[in-house]
Amino acid sequence: HAAGDIISRVSYDIDVVCTCISTDVVQIMTSIVTVAGSLIMMLRYSWIMTLVAIVTIPLTVLVSTTLSKFMRKYYVRNQKILGQLNGTVEEMVTGYRTVVAYGQEDAAVSKFGELSDEYRTCSIKARVWGSVMGPIMNFLGNFQYVLIAASAGFMMLRGIGDVSFGSIQAM
């Protein structure tokens, strides 16, 4: 492996591990407690509305895993190109005299330009697909609210269960 590729991988991996330790672990623990507490409270108000709310979970999991698999290929490719780009820069800087001695400045600049363009294109695709995830998850969350409100309204109108405006709002 080129030195630039190794440097790129090490610096990126260290950053990812630091981010994971500092924020992701805490966020995962907070999310687990929130989901468990919410489920208990929802069951306390209405088990029927809780089932309606749970219906959207498989859809959310399916959409997020599908999008994640699709996005992952761009992020992996992006990291590979970044390693190549850093390797090229490192080789050109350390071998500057050799490049100049053989008159390969234009070839070196051209190679860097091609890799840079490829990196930019791949980065844009990765970020576009990454930015699609949030709105889709928000839509699914809002869809869940609509399902709960519609089913609760139906239950209230038909007199099914012990549903009140307060329990609908709490759900």
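## Residue T50

T50 sits in helix α2, which covers residues 47–94. The model is predicted. Because the relative accessibility of T50 is 1%, this residue counts as buried; the cut-off for that class is under 20%.

Leaving aside residues up to four places away in sequence, T50 is in contact with L39, M42, L43 and M171.

## Largest pocket

The largest pocket holds about 490 Å³ of space.

Helices α1 (3–45), α2 and α4 (105–158) each contribute at least two residues to the lining of the largest pocket. The most comes from α4, which supplies six residues. Sorted by class, the lining of the largest pocket comprises eleven nonpolar and six polar residues, with no charged residues.

## Second largest pocket

For the second largest pocket, the space amounts to about 170 Å³. Its lining is made up of Y12, Y75, N78, Q79, L82, Y119, S123, A126 and R127. Two or more residues of this lining come from each of α2 and α4.

In the lining of the second largest pocket, five residues are nonpolar, three are polar and one is charged.

Conventions
Residues are numbered from 1 along each chain as its sequence is written. This is a predicted model: local features need pLDDT of at least 70, side-chain atom pairs count only at pLDDT 80 or more; totals for chains, interfaces and linings use all residues. Side-chain values use heavy atoms; hydrogens and water are left out. Helices (H or I, at least four residues) and strands (E, at least two) are DSSP runs, numbered from the N terminus. Buried means under 20% relative accessible area, exposed over 50%, partly exposed in between (1.4 Å probe, protein chains only). Contact means heavy atoms within 4.5 Å. On a 1 Å grid over the protein atoms alone, a cavity is a set of points where a 1.4 Å probe fits but cannot get out, and a pocket is an open set with protein on both sides within 12 Å along at least five of seven lines; lining residues have an atom within 4 Å of a point. Grid points are joined across faces, edges and corners, and a volume is the space filled by probe spheres set on the points. Ala, Val, Leu, Ile, Met, Phe, Trp, Tyr, Cys and Pro count as nonpolar, Asp, Glu, Lys and Arg as charged, and the others, Gly among them, as polar.
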